[in-house]
Amino acid sequence: MDISDHHMSDVTIVRPEVHIEVNVKSQSTVKRSEVRTHVLSLLDRHSTVLASYRWTEFDDEFLTRNVESVAVADLTGPKLVDLKAHNLCLHIFSLNDDSPSTLALEEEEELSAANHWLLPAAEFHGIWESLIYEEGIKTQLLDYVSTMIFFSDRNVDSNLIAWNRVVLLHGPPGTGKTSLCKGLAQKLSIRLSDRYAHSQFVEINSHSLFSKWFSESGKLVTKMFQKIQELIDDKDALVFVLIDEVESLTAARSAAQAGTEPSDAIRVVNSVLTQLDQIKRHPNVVILTTSNVTEKIDLAFVDRADIKQYIGPPSASAIFHIYLSCLEELMKRHIIYPRQQLLSLEELGTMNFMESDVTRLSLTLRSLAQRSMGLSGRALRKIPFLAHALYGKSSTMTVEVFLKAMERAVDKQRQEQASLVNCV
């Protein structure tokens, strides 16, 4: 054997990972190991699948009885995937149906300082998949937070390699930042279910921090974080803490320093920042924050964030995918009928966007997406509803008629936006 042959024999071929998410029915009591065996058998029988394929019906009675769905998750790249060429990572989980509980600070007062969910929560199911951004944003966030937890697990010295377990999502209102935080926490609770027995999600109500009850110099803030600390003390739990509109905390501090806010406001904010510094030392906590007004965030806070991800308005291609998912849902529910094939942008691209009977409806959707540029993700998701409510002449409509109704709904949204701007 020559040297090159010797080197070739030493190379370990690392197969890329594919994540398979298995949603077990909440009432099922079967062992995870049994579910795993049956799911692996299913994947062996259907080894070539479409990226992000989801099974909801099975030819296996055990799976029909015990499993809601089996999904090939978060794949980018080629449409067809050969599962045999990949390392399969199975994540088996059940959704928690409980409503969120509130972390009340004073028994005699009805002050809700935070909402608390057990993850994965039925309420958050599907959020991650419904959010469509520029390619890479969601994958990067998953990778960032996975690395935070991986470094903590390996006891990497944080004095030598710094990370704070703080994520900041910033950008204009209506771009889905809060939903993205909830979807990210849900996704990680599923991905890390082998590592953590359960996950918790605490959403702090920033506005309640400045209610009349918070005149006691931040004592109640300390109480709230003590309750969060109790969750973190369970080392088998992964805890996500969300502070929405974090600029309301930091803006209050700068206003207090300028003398325009009462001094207790600065004590409240300083107390929050101190408490965040204390809880982020724990390896099983991730702090998620959002901001609509980036320039107002206290630099002391911005410095604490490892990840500062801008979430902007959707691009024309993202809008196309949002609308496509809406139309698919309406066809599934027979609100749009009969079902007609709509092509993806990639498929239109292979046909050079040339108009024909096959491409006509999809090209109409593409021009509607371009016309919708500038609307927020929140507004875009309302367009199909408004189209039906305002311009639906019958309970069931064809794709062509519905696209015309959507066009009118987009124009109406634009007019309303313009009139609101003129009123300000």
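Tutor: Ala 73 counts as buried, at 7% relative accessibility. Keep in mind that this model is predicted.

Student: Why is Ala 73 called buried?

Tutor: Buried means under 20% relative accessible area. Ala 73 has 7%, so Ala 73 is buried.

Student: Where does Ala 73 lie, and what is Ala 73 in contact with beyond its neighbours within four places in sequence?

Tutor: Ala 73 is in strand β4, residues 67-73. Leaving those neighbours aside, Ala 73 contacts His 19, Glu 21 and Lys 187. Take Glu 21: 52 residues separate Glu 21 and Ala 73 along the chain, while their C-alpha atoms are 6.6 Å apart.

Student: What makes Leu 50 partly exposed?

Tutor: Partly exposed lies between the two cut-offs, under 20% for buried and over 50% for exposed. Leu 50 has a relative accessible area of 45%, so Leu 50 is partly exposed. Leu 50 sits in strand β2, residues 48-50.

Student: Which residues form the nonpolar patch with Leu 50?

Tutor: Tyr 53 and Leu 80 form the surface patch with Leu 50. Together the three have about 290 Å² of accessible area.

Student: Which residues gather in the patch of negative charge?

Tutor: Glu 230, Asp 233, Asp 234 and Asp 236 gather there, on the surface.

Methods:
Residues numbered from 1 in each chain as written. Predicted model: local features only at pLDDT ≥ 70, side-chain atom pairs only at ≥ 80, totals over all residues. Heavy atoms only, no water. Patch = residues over 30% accessible without salt bridge, like charges linked within 9 Å, V, L, I, M, F, W, Y side chains within 5 Å. Areas by Shrake-Rupley, 256 points an atom, 1.4 Å probe, with all protein chains shown as cover. Salt bridge = Lys/Arg side-chain N within 4 Å of Asp/Glu carboxyl O. Lys, Arg positive; Asp, Glu negative; His and termini not counted. Charge placed at Lys NZ, Arg CZ, Asp CG, Glu CD. Helix = DSSP H or I, 4+ residues; strand = E, 2+ residues; numbered from the N terminus. Buried < 20%, exposed > 50% of the residue type's maximum accessible area, 1.4 Å probe, protein only. Contact = heavy atoms within 4.5 Å.
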